[in-house]
2 protein chains.
Amino acid sequence: MARPTPLSGFPEWLPQGRTVEQHILDALRRTFELHGFAGIETRAVEPLDQLLRKGETSKEVYVLRRLQEEAPGDSSSGSESDDRQLGLHFDLTVPFARYVLENAGHLAFPFKRYQIQKVWRGERPQDGRFREFVQADIDVVGAGELPYHYEVELPLVIAEALGSLAAIGVPPVRILVNNRKVAEGFYRGLGLEDVEGVLRSIDKLDKVGPKGVAALLVAEAGATGEQAAACLELAGISGSDASVVDRVREVAARHCVTSELLETGLVELGALVTAAAERAPGVVVADLKIARGLDYYTGSVYETVLVGHEQLGSICSGGRYDTLASDGDKTYPGVGLSIGVSRLVSRLLGAELVTVSRSVPSAVVVAVTSEETRGESDRIGTALRARGIPVEVAPSAAKFGKQIKYADRRGVPFVWFPGSAAGTAEDGTPVPAKSDQVKDIRSGEQVEADPATWQPPAADLWPRVQAG
Amino acid sequence: MARPTPLSGFPEWLPQGRTVEQHILDALRRTFELHGFAGIETRAVEPLDQLLRKGETSKEVYVLRRLQEEAPGDSSSGSESDDRQLGLHFDLTVPFARYVLENAGHLAFPFKRYQIQKVWRGERPQDGRFREFVQADIDVVGAGELPYHYEVELPLVIAEALGSLAAIGVPPVRILVNNRKVAEGFYRGLGLEDVEGVLRSIDKLDKVGPKGVAALLVAEAGATGEQAAACLELAGISGSDASVVDRVREVAARHCVTSELLETGLVELGALVTAAAERAPGVVVADLKIARGLDYYTGSVYETVLVGHEQLGSICSGGRYDTLASDGDKTYPGVGLSIGVSRLVSRLLGAELVTVSRSVPSAVVVAVTSEETRGESDRIGTALRARGIPVEVAPSAAKFGKQIKYADRRGVPFVWFPGSAAGTAEDGTPVPAKSDQVKDIRSGEQVEADPATWQPPAADLWPRVQAG
């Protein structure tokens, strides 16, 4: 087998990189669980018709075919009745909606869940855009109804989760929020009926600039120049306190826009910004240009940028949808956000924002004096592990210098040298007993130690993930 | 959307089931890390030619096709140069071998890694046999050489990992070990050259019985009746101490078998059984009928049964392979075992061997007195979470009875009632301040509590996973 090369769009990390990713996943999970979100996992596949239900062809679904079952060219029909055509999920929202419907009778609503899994999209790979990547989602879903306060709670949980990563060098985040009711109420109040079209145009503001968007609004959303200018005026408003609401009202009044929907949206947006100012000061910013193209959002919408890395795009997006799922009988509204873990980790590693103190979990390598006495070294390892200290035993009874090098190459801070019982040398002279010793190979300091009591410094117990 | 139905072979768990699975994954990972295994994850896909390299068509590979890219009937050619045909991995060994070759320059050998991921096989689903399932693998791989002692170490790490699950009601396991050198040396010493064929026949012992295997050996492996009887005699030997080695020597002597390979294998098997008797008494059993059909094993082979659930099949298998990977220049020998996590979890849940104390992480539901004072309840939640207590705030300011029911339905043990500041009633009479109170809804006991200091009993802090 020749040396294989990486597949573009399918990122993999070396053990150190995986340690960073695992640390982040553990931290996210802990915050989610502290807030009462239950973890679930769904299968990686969904029936293809479900994946394409919302016309999501842009997600470039990967379709599965069983190599044994079907001849090439006949991939649309299976020989077994349970062989509906399957595709890999491209997000965790579609599978979650299906899971909710399938298990509704066994779930308690409102149901708060987190879900951390890989998803697949056959898009062209770019910086921060992969074909296989990890998402970490939280959603709350109600049966029939879902109170607004969850639209305030969820971005604050995300702020706390991502904020907990500051300790390892992750830059601060800014969560940009808007409310679909504000946008829709304002546009309709202006006399623009193609709300979808306006949102799609506004969504391009960062790409084509205000002039470009104005042209799009006129050409594609049927706006007059004056209406386009009003839309851009709204999109230009942002701020992190309730004054942002007053500014929207002022713009609306100037353009003679009155709308109940707008007013409802403004009350909601104001509540979110006010709560956020108390509970996550400086993190949440109302930004009226945030559109989120997806048509199923009906209330709050969220995007999240890594401060100083805005060009990476959003690392956490989501919103409120009145119909996450429906079985015809009952409708399940929800609100959720999805963290792009791979995008985040790839930037942290690529820009060396985060480092790891060693490439293995082991805090200690127990040296082996001779293969005959490997059992002694194993027993020392067992004694240390029993007290929660990660330990490996050296691979061979090489010279101690080589065994120290083994530890050093992996960044393991301590090497343990087994002692020996009292005995007699070949010439008959008595040899006294020798105690175990442990060496900090960074400082060279070596001390006597007992595997039943010795403790490494807390900072050395596990690999340290830290700012680069 | 009509109520969806499960896909056969793609198991999913309710939140309680996922809590069991997550507990098991955490416990396995902790043991692996205590032994110095580094965690890695590989992408879910491999080039199809690599997946089929060992002729593994029996694994029923799932092949991927991008819906957008290719017309049906043209699935064999991609339009981009990086579009080699891809399939989902069917185990974690093939991807690990590829990862080792790809990253050899960045890894330190011997390299000990664990890997916990889903794998896919398009086989017909049965009890304990899925199309999508989770495996937890440990392997050690060397560059050029790998000492035998790792063949002793790895099953003992597995014994410790699975043994750590006894606390939650997982039955004890029995790890059955054999050594390919013993089998091969014995067969060749008997004059049987089709070692593969003999192993394949012996592998069917549980299915077709000794008479059936004897017939197979004669018909398919070219054995005489006497040779077949000798093979069955060897296969009948088992035991958990070194006497098993003497019994093999005795049978070999009786059939005039002498073989260096056999002798090497017996020394190895003896060392494994002796070490296991000390470090995991009663868990490891030498069983000379264990064949493991795969041709790449060259030394120790392992299978693991759940005691009392032997008919479930092996829940952890593996062995030593002299050529895990090779880049033509260098060969990488390895030894590893793979735990079938989904098979184990499915039995634990199906047979109700394990239960969970609640369906959500929350130890406390903070009641909401009125929507106007939800902020008070939020602040109580924040104070409790800051001390590591999982908390959720009630979904609505319903009557307290309904809020208690919300907690009760999820098995949350505590409900917290916010107090209130001193004030004045509408008729002018002073209302004294009221302290926060917390109620254990199981006993009904309700006490005053301060969110800055109150602590639930340790056993109630997180959901308890326990024997059913």
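Predicted model: local features only at pLDDT ≥ 70, side-chain atom pairs only at ≥ 80, totals over all residues.

1. Chain A holds 14 helices and 21 strands.

2. Overall dimensions. Chain A has a radius of gyration of 29 Å. A compact globule of 468 residues would come out near 23 Å. The box around the C-alpha atoms of chain A is roughly 105 × 60 × 45 Å along the principal axes.

3. Burial and contact range. What share of the 468 residues in chain A is buried? The figure is 47%. Now take the contacts in chain A with a separation of 6 or more: 70% of them join residues 24 or more positions apart.

4. The interface. Chain B puts 71 residues in contact with 71 residues of chain A. Which elements of chain B each supply at least two residues to the side that touches chain A? The helices are α1 (15-34), α3 (93-103), α12 (374-386) and α13 (400-410) of chain B. The strands are β1 (38-39), β3 (62-66), β11 (316-326) and β15 (391-393) of chain B. By class, this side of chain B divides into 30 nonpolar, 20 polar and 21 charged residues.

5. Strand pairing between the chains. Strand β3 (residues 62-66) of chain A pairs with β3(B). The sense is antiparallel, over 5 bridges. In general, strands of a sheet pair through backbone hydrogen bonds, either parallel or antiparallel.

6. A five-strand sheet in chain A. This open sheet has 5 strands in the order β15-β14-β16-β19-β20 (chain A), with mixed pairing.

7. Strand β16 and its neighbours. Both senses of pairing can be seen around β16(A). With strand β19 (residues 437-440) of chain A, strand β16 (residues 414-417) of chain A pairs in the antiparallel sense over 4 bridges. W416(A) stands opposite V438(A) in β19(A), and F417(A) stands opposite Q437(A). With β14(A), β16(A) pairs in the parallel sense over 3 bridges. There, W416(A) is the bridge partner of V366(A).

8. The two faces of β16. In a regular strand the side chains alternate between the two faces of the sheet. Are the faces of β16(A) covered or open? Both are covered. F414(A) and W416(A) are buried on one side, V415(A) and F417(A) on the other.

9. Helix packing in chain A. Two packed helices are described by the angle between their axes and the distance between the axes. Helix α1 (residues 15-34) and helix α4 (residues 149-163) of chain A have axes that come within 9 Å and cross at roughly 145°. The crossing of α1(A) and α4(A) is right-handed. From α1(A), the contact uses L28(A), T31(A) and F32(A); from α4(A), it uses V157(A), E160(A) and A161(A). By class, this contact has 4 nonpolar, 1 polar and 1 charged residues.

10. A nine-strand sheet in chain B. An open sheet of 9 strands runs in the order β1-β5-β6-β12-β11-β10-β7-β9-β8 (chain B). Its pairing is mixed. Strands β1 and β8 (238-239) of chain B are at the edges. Within the sheet, 7 bridges join strand β7 (residues 173-179) of chain B to strand β10 (residues 300-306) of chain B, and the two run antiparallel. N179(B) has S300(B) as its bridge partner in β10(B).

11. Helix packing in chain B. Helix α4 (residues 149-163) of chain B packs with helix α10 (residues 260-279) of chain B at about 35°, with the axes 9 Å apart. The crossing is right-handed. On the α4(B) side, the contact is made by E151(B), V152(B) and L156(B). The α10(B) side includes E268(B), A271(B), L272(B) and R279(B). By class, the contact of α4(B) with α10(B) has 6 nonpolar, no polar and 3 charged residues.

How values were computed
Residues numbered from 1 in each chain as written. Chains lettered and ligands numbered in written order. Rg over C-alpha atoms; globule rule 2.2 N^0.38 Å. Buried ≥ 20, exposed ≤ 12 C-beta atoms within 10 Å, placed from the backbone. Contact = placed C-beta atoms within 7 Å. Nonpolar A, V, L, I, M, F, W, Y, C, P; charged D, E, K, R; others polar. Pairing = 2+ DSSP bridges. Axes fitted to C-alpha atoms, helices over the stretch in contact; angles between N-to-C directions. Left-handed = near helix turned anticlockwise from the far one by under 90°.
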